[in-house]
Amino acid sequence: MDQFTLNLIFVGGSFLVYIAIAIWARAASTSEFYAAGRSVNPVMNGMATAADWMSAASFISMAGLIAFVGYGNSAYLMGWTGGYVLLAMLLAPYLRKFGRFTVPDFIGDRYYSRTARLVAVASLLMISITYVIGQMTGAGVAFSRFLEVDTNTGLLIASAVVFVYAVLGGMKGITYTQVAQYVVLIIAYTIPAIFISLQLTGNPVPQLGLFSTHTESGMPLLARLDQILVDLGFNDYTGLHDSTLNMTLFTLSLMVGTAGLPHVIIRFFTVPKVSDARRSAGWALVFIALLYTVAPAVGAMARLNILTTIYPEGTRAAESLSYEARPDWMRTWEQTGLLAFEDKNGDGMIQSYNEASPEFATVAAERGWQGNEMVTFNQDILVLANPEIAGLPGWVIALIAAGGLAAALSTAAGLLLAISSAVSHDLIKRTFKPDISDKGELLAARVSMAFAIVVATWLGMNPPGFAAQTVAFAFGLAASSLFPAIMMGIFSTRMNSAGAVVGMLAGLISTSVYLFTYKGWFFIPGTNMLADTPENWLFGISPLGFGAVGAVINFLAAYITMKVTAPVPEHIQHLVEDIRVPRGAGAATGHH
């Protein structure tokens, strides 16, 4: 059976499962649409949360980020995983006890303020729309490669599938679909990793294979990778080549950004009891760890595989791979434009090395190399190409295709639900039309979901130039706007509405301005005021890590404003105390 037919069977089969689940679990009320009727088992919710979280960025991009930088990019793993610890310990159970459907709903009621609710809605929409563009675009790219259609056609297919199960099923349909998507993506991620670990180290457990002996060289795998990279003028893989300050701030930004992401937080409103919210956060960590502990092994092993493909007999003395003898996986990915070679010295061989390294310039000159000839290597192709690089069977390649699409679509559905509930529940029901019926609100939720899908599809087809850059912005935004407001709302009886609003705006504006200064206004190329280089950064702080600073600014601005404005009403103080006190922890309150 040819590869295209296998891809079609695996991807088509998984889509039929998702749609069948949506029809079976369709939402009949606003409670089911927003929070799955608050009836989801904690283990199932943990699995759905993991799928919701592990987007195309986790499935496709993270291993590539680690592969090309090494230890320095482990901040992604530490920050994203640490964020779930914060969620489980500090936010999830208390938000569940409050008994609301959405993050702006909590902020609006806790801070007894329509303005606070609207600022929270604006933050949520900015975060979620930024994210969903990337998911839809990622789904389009995966379709175009594996189903051999153009990117726009792939995007339309992805949109149609999400439309069916998200609009029809709401949170109820999305939850059970995400459970199925988690199973697909974790199997798709792990099976190639097991094969590759066996090939390189003889150890079937990738997490252990990373620290095992490289069979061919007899050296520890990471030591062999370090040796080859240094030999080619690159930084060693296991060293830290950024400042400790920036790595710490970036990790913190990802942590508090994760804990402030609205589409993740709403998952904890779906369980029956407060104790279940903490349990499902714990299960989510377990399910996320199954993929996140494999990612470093996938990144390191893929990088080693690529280097030993180009330099089969070592890098200093022996010749590199000839362009004509390049393996089939390189030919295949060249057709996508995500991999490209240029024979700069006309010798018919592929030379890949760090041409910017002054230490390596002499070696390159001695060998007659005119520059790095692997002119394009998109990091995002690593996971998708891994089965082909390792020469695995066609069904594994088809499985990776289904897994990549499951990762993109599961997160897209969660984000679209966050957007839909913010519009229908927080804007229409709680702000502009409080007397709307349950049936009318459900219709508004479905219409706003459909509209959000249309907008996301259009932006995916015509992505603004900043789409790829705004992942860090989305985390910085969540870290500096929503997270401090939620934290203070739970743990401070004295934080008032004026403090919350000023804090959210101060964090949001300071983070945005800092990012725009170096990345361009609204990320439009050429509009940045300063070059994005370490010597221009304020106190040496990278824009990627500024979300943590924005969060501190939010806390400080909120505290100062609280000191000079009217105190919190007494009934709100009692409400905050009631959220945190263990009594009644078996059931959520429904404060009005």
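**Close-up views of a predicted model**

**View 1. Helix 4 has a span that agrees with its residue count.** Helix 4 covers residues 56-69, 14 residues in all. At 1.5 Å a residue, these should span 20 Å; the end C-alpha atoms are 19 Å apart, which agrees. The model shown here and in the other views is predicted.

View 2. M62 itself is buried. The buried set is A56, S58, F59, I60, S61, M62, A63, G64, I66 and A67. Just after helix 4 comes G70, with a positive phi of about 90°.

**View 3. Helix 14 is largely enclosed by the rest of the structure.** This helix runs through residues 295-310 and has 16 residues. From first C-alpha to last, helix 14 reaches 23 Å. That is close to the 22 Å expected at 1.5 Å a residue. Buried residues number 14 of the 16, so helix 14 is largely enclosed.

**View 4. N496 is a buried loop residue.** N496 sits in the loop between helix 21 (482-491) and helix 22 (497-519). Its relative accessibility is 1%; buried means under 20%, so N496 counts as buried. The N496 side chain makes a polar contact with the side chain of T565, at 2.7 Å. Leaving aside neighbours within four places in sequence, N496 is in contact with Y111, Y112, M562, T565, A566 and V568.

Conventions. Residues numbered from 1 in each chain as written. Predicted model: local features only at pLDDT ≥ 70, side-chain atom pairs only at ≥ 80, totals over all residues. Heavy atoms only, no water. Helix = DSSP H or I, 4+ residues; strand = E, 2+ residues; numbered from the N terminus. Expected span 1.5 Å × (residues − 1). Buried < 20%, exposed > 50% of the residue type's maximum accessible area, 1.4 Å probe, protein only. Polar contact = N/O pair within 3.5 Å; in protein donor to acceptor, adjacent residues only side chain to side chain. Contact = heavy atoms within 4.5 Å.
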